[in-house]
Amino acid sequence: AKSKDLLSSRQEEFEWIEYGKAIDDVAKRSGLNMDIFYDLRGNHDSYGVPELVACLISTKSINSGRKHLFVGFDSTMDDGLRSPTNIFGQPTDRLLSDLDAALSQWDNQSTSSPVTKIAFGHFPISFSALTTSGGSIRDVFLKHSLSAYLCGHLHTNFGRNLKRHHKSVHHKLSSKQYCQFDIHEGISKVVSNGNCSARTESVAEFWEWEMGDWRSARSMRILAIDSGHVSYTDIDFTFGFRDVIIVPTFPLDSRFMHRSSYPLDFICQGTSTAQIGTVRALIFSRYKIESVSVKVYESHSGSFQLVLHQQMEKTSGKGARGAMYTVPWNWRAFLDESPDRYWLQIEAVDMTGEIYLSELRPFSVNGLTAKVRWTWKEFRVMGCQWNQLYYPIMWTTLAFLFSLVLVPRTSLTFYENQIMLKFLRPKMTRRSYSPVNFEFLGVELSKMYFIWSGMLLYLLYLVFFPWLAGYPVTENHNKMYLHYKGWSTKYITSTYIGLPDVMVIVLPHLLFVVLPAFLVIAAIAAERALYLGYQLSHTANKDDDHYKERRYLKHTCIFHWFRKILILACLPIVWKHWKHCRAVVRAYDVNPLMDAPIYCFGVPVLLWLTIYRSSSIGVYQI
């Protein structure tokens, strides 16, 4: 639903036809029943759709005494705004109530059979807004301690480690309400003492696994549930199809699949059942598999040494599309306090003699978790709770901008006589003209009254009035107004939609256009004040000393270059602003002159007036 330049969005019938044919083709070629296909909308599927009806689907099964519950939900916004202000899931209180009920289907039944609960939706938790009553999808998932929440939305644009472990936070004002700095929220670090009779209280937790995408990354995920243990393997089809796919199901990857309860669970299972006593893997193959083996490596100083190599046996199962291979092992030999000392790999050989290897993954029989850190890009999209961060970032930026404008003026009003006396004092030291001397900045910025007033009025406009008018739904839909609170149908109103989605326009404008522009304007004012003060000092102490004259010319040259640098700094700001305006104009059919004159031209005009005033009155002439 995006144009070729990715700046505008609308639903195209041919894309939906192509999608329908692709699903039909997959079902036909695989022989699978269409009833087992579950698909859910994402934000691209709702671009420009005026009215949407959210849906929730669930299915459950019982296998070998274990219960499995799958719940999918659609949290796209009711009013399908066009890109870019449609990037957040917008769950309603009704949806959360239905989701809670769907995940509770087996909770009230008097049975001891364990239930594995898995939810799937489009939006990550970090891009899911709160409901009108303050409810969140995360709280519902924590209540039920899901095994996993599968999501999409981020594609693979930001990295491959888009996973996050959630754990209940009892302190409401915790920083985790706004961000989580590590993939794991609470890491198991100690080995259990094996006391299975003293079960600890269950921990509210769940894993969130972003899936990547097929469209651009050709990524597919196979999820496996083995005796309640949930694992997955991501397959990259960028270079074509795969003849063999290997999905290890036990032991689990200690980086992305362990829960806080596993240290005790693993030991207790090992003393009472045979589940922990075998290595297990699923094999999907186009050709006959001749042999499968497990390899365990011990890592030491970055190198791997093979410590176990055993053949696995095929376990037959009716109706299985893949084959399960297992092998007993002495799991006690791999008990270790390090969660990533031992690494697992499955090797398969087909009838042609081709060898296939699974990805090396660390494991911990103790159930300990190996620590993995996000990259900066991964943290930015998975660790930051943007619906919570939007207002703090926006108001902090605005507070700084208002203080930059108002504090100097207030200082000038109350201390004008003292400042002017200090400014006109005949004998001045070099320290008085240091670039960090705020008095000169305050005086000169406040004296540029026309520009100072423009800066203040611009900030007030951004706070109290709409930034622009356009067509956020479709070209033929009603024109709406963009505020920092969202889109509205009236110029001034209290009802908005698209919060916090509008942050993709608001924050870049404040942080990358207004803030640097105001800082450059303030720097030009400071440079002007410093230069005038230096000229006054030189005039008051003028003599025939040629050394002082040369030093004066040198300092004058420095001022000239500094001012040129400041003027050049305006160019990337204007370029960035032009790109923002171009994107908004294309996205919502905005007329810059009629629908967004202050948003589009306010900052460039202020920069131009500052440069013109500094140049036209003879800054470098006394």
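Analyst: A residue is termed buried under 20% relative accessible area, exposed over 50%, and partly exposed in between. The model discussed here is predicted.

User: Why is His 155 called partly exposed?

Analyst: The relative accessibility of His 155 is 25%. His 155 lies in the loop between strand E4 (148-151) and strand E5 (163-167). Its phi is near 55°, a positive value in a residue other than glycine.

User: What makes Asp 589 partly exposed?

Analyst: Asp 589 has a relative accessible area of 34%.

User: Why are H3 and H4 called roughly parallel?

Analyst: Helix H3 (residues 93-103) and helix H4 (residues 137-144) pack at an angle of about 15°, and their axes are 10 Å apart. Angles under 35 degrees count as roughly parallel, so H3 and H4 receive that description. Their crossing is right-handed.

User: Which residues of H3 and H4 meet?

Analyst: From H3, Leu 96, Leu 99, Asp 100 and Leu 103 meet Ile 137, Val 140, Phe 141, Lys 143 and His 144 of H4. Residues three or four places apart in an α-helix point the same way, because there are 3.6 residues a turn.

User: How do you know that strands E7 and E8 pair?

Analyst: Strand E7 (residues 219-226) and strand E8 (residues 229-236) are joined by 8 bridges. Pairing requires at least two bridges, and E7 and E8 therefore qualify as a pair. The two strands run antiparallel, and Ile 222 stands opposite Thr 233 in E8. The hairpin has 2 residues between the strands, and in it Ser 227 takes a positive phi near 55°.

User: What span is expected for helix H9, and what span does the helix reach?

Analyst: Helix H9 (residues 449-464) has 16 residues. At 1.5 Å a residue the expected span is 22 Å, and the helix reaches 22 Å from its first C-alpha to its last.

User: Which residues of H9 are called buried?

Analyst: Among them are Ile 451, Trp 452, Met 455, Leu 456, Leu 459 and Leu 462. Buried residues fall under 20% relative accessible area.

Technical notes:
Residues numbered from 1 in each chain as written. Predicted model: local features only at pLDDT ≥ 70, side-chain atom pairs only at ≥ 80, totals over all residues. Heavy atoms only, no water. Helix = DSSP H or I, 4+ residues; strand = E, 2+ residues; numbered from the N terminus. Expected span 1.5 Å × (residues − 1). Buried < 20%, exposed > 50% of the residue type's maximum accessible area, 1.4 Å probe, protein only. Axes fitted to C-alpha atoms, helices over the stretch in contact; angles between N-to-C directions. Parallel < 35°, antiparallel > 145°, perpendicular 65-115°, else oblique. Left-handed = near helix turned anticlockwise from the far one by under 90°. Contact = heavy atoms within 4.5 Å.
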